[in-house]
Amino acid sequence: MRILGIDPGYAILGYGVIDTVGYKYSVVDYGVIETTKEEAFPARLDRLYRGMKLLIETYKPDVAVFEELFFYHNVTTAISVGSGRGVALLAAQQAGIPLYEYTPMQIKLAVTGDGHADKQAVQQMVKMLLNLSKVPKPDDAADALAAAICMAGTIGPAAEDYRIK
């Protein structure tokens with residue numbers, strides 16, 4: 001199964017594509033789609049949308065998994081990031097890909113065994129689980145790979161609890 005993991009963002013949207021056979025995972029690609037603050041709001045959303053469409057066309061994932069958003073302070077940032085997440089969801093929905101989402105705590109628990117693990121612990125486990133020579137950079141790409149690993153661990157009937165409906 002091919003899984004596209006997404007760490008939603010507005011300035012930086014992380015992605016990670018893995019193939020999985022049972023509990024063996026291999027990296028296909030990872031990286032980020034970036035926008036700049038010099039771009040107008042609609043142009044930034046368009047760049048994210050077109051980038052997602054290109055990822056989907058290129059890698060043909062069987063499912064897409066998103067890290068659920070959590071914000072505590074800045075409402076303006078939350079709206080912008082939510083808009084970026086929305087166009088990424090739209091691109092995947094239009095492609096007919098089943099969509100799933102997990103909280104950051106669920107992803108950390110799946111990858112490290114500790115739902116409160118710090119970023120470095122998650123990155124080291126992503127490196128180890130995917131047999132990489134170095135920690136994936138930037139952090140957004142590592143987070144997207146972690147989301148994909150989380151999805152890989154819950155494929156089957158248990159995954160339906162996390163399907164975006």
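Reader: Where is Q123 found?
Author: In this predicted model, Q123 is found in helix α4.

Reader: Is Q123 buried or exposed?
Author: Q123 is buried, because its relative accessible area is 7%, and a residue counts as buried under 20%.

Reader: Which residues does Q123 touch, leaving aside those up to four places away in sequence?
Author: Q123 touches V135, P136, K137, D139 and A142.

Reader: K137 and D139 are both on that list. How do their side chains meet?
Author: The side chains of K137 and D139 meet in a salt bridge, with 3.6 Å from N to O. K137 counts as exposed, at 52% relative accessibility. D139 is partly exposed, with a relative accessible area of 28%.

Reader: How many salt bridges does the structure hold?
Author: The structure holds 6 salt bridges. One of them joins D143 and K119, whose side chains meet at 2.7 Å, N to O.

Reader: Which helices do D143 and K119 lie in?
Author: D143 lies in helix α5 and K119 in helix α4, which covers residues 119–129. The two parts are 24 residues apart in sequence, so this pair ties them together.

Reader: And D143, buried or exposed?
Author: D143 counts as buried, at 12% relative accessibility. K119, by contrast, is partly exposed, with a relative accessible area of 41%.

Reader: What does R47 form a salt bridge with?
Author: R47 forms a salt bridge with E39, and their closest N and O atoms are 2.9 Å apart. In this pair R47 is partly exposed, at a relative accessible area of 35%, whereas E39 counts as buried at 18% relative accessibility.

Reader: Back to helix α5, please. Which strands does it lie across?
Author: Helix α5, residues 139–152, lies across β1, β2, β3, β4 and β5. The helix runs at about 35 degrees to β2.

Reader: How many residues of α5 are buried?
Author: In α5, 13 of its 14 residues are buried, and the helix is mostly covered.

Reader: What should the 14 residues of α5 span?
Author: At 1.5 Å a residue they should span 20 Å. The end C-alpha atoms of α5 are 20 Å apart, which agrees with that expectation.

Reader: Now the sheet. What is the order of its strands?
Author: The sheet is open and has 5 strands, in the order β3-β2-β1-β4-β5, with mixed pairing. Its edge strands are β3 (24–34) and β5 (99–102), each of which pairs on one side only. On average, neighbouring strands are turned by 20 degrees against each other, direction ignored.

Reader: Which other helix packs on the sheet?
Author: Helix α2, residues 75–94, packs on the sheet and touches β2, β4 (63–67) and β5. The direction of α2 makes about 170 degrees with that of β4.

Reader: What holds strands together in a sheet?
Author: Strands of a sheet pair through backbone hydrogen bonds, either parallel or antiparallel.

Reader: In which sense do β1 and β2 pair?
Author: Strand β1 (residues 2–7) and strand β2 (residues 12–21) pair in the antiparallel sense over 6 bridges. They form a hairpin with 4 residues between them.

Reader: How many bridges join β1 to β4?
Author: There are 4 bridges joining β1 to β4, and these two strands run parallel. In β4, the bridge partner of I6 is F66.

Reader: Why is β1 largely enclosed?
Author: Strand β1 is largely enclosed by the rest of the structure because 5 of its 6 residues are buried.

Reader: Let us turn to the whole protein. In what order do its elements run?
Author: From the N terminus on, they run β-β-β-α-β-α-β-α-α-α. The protein has 5 helices and 5 strands.

Reader: What radius of gyration does the protein have?
Author: The protein has 15 Å, which agrees with the value near 15 Å for a compact globule of 165 residues. Its C-alpha atoms fill a box of roughly 40 × 35 × 30 Å along the principal axes.

Reader: What share of the residues is buried?
Author: Buried residues make up 45% of the 165 residues. As for contacts with a separation of 6 or more, residues 24 or more positions apart account for 60% of them.

How values were computed
Residues are numbered from 1 along each chain as its sequence is written. This is a predicted model: local features need pLDDT of at least 70, side-chain atom pairs count only at pLDDT 80 or more; totals for chains, interfaces and linings use all residues. Side-chain values use heavy atoms; hydrogens and water are left out. Two strands pair if DSSP finds at least two bridges between them. Axes are lines fitted to C-alpha atoms, for helices over the stretch in contact, and angles run from 0 to 180 degrees between N-to-C directions. Contact means heavy atoms within 4.5 Å. A salt bridge is a side-chain nitrogen of Lys or Arg within 4 Å of a carboxyl oxygen of Asp or Glu. Buried means under 20% relative accessible area, exposed over 50%, partly exposed in between (1.4 Å probe, protein chains only). The expected span of a helix is 1.5 Å times one less than its number of residues. The radius of gyration is taken over C-alpha atoms; the globule rule is 2.2 Å times the number of residues to the power 0.38.
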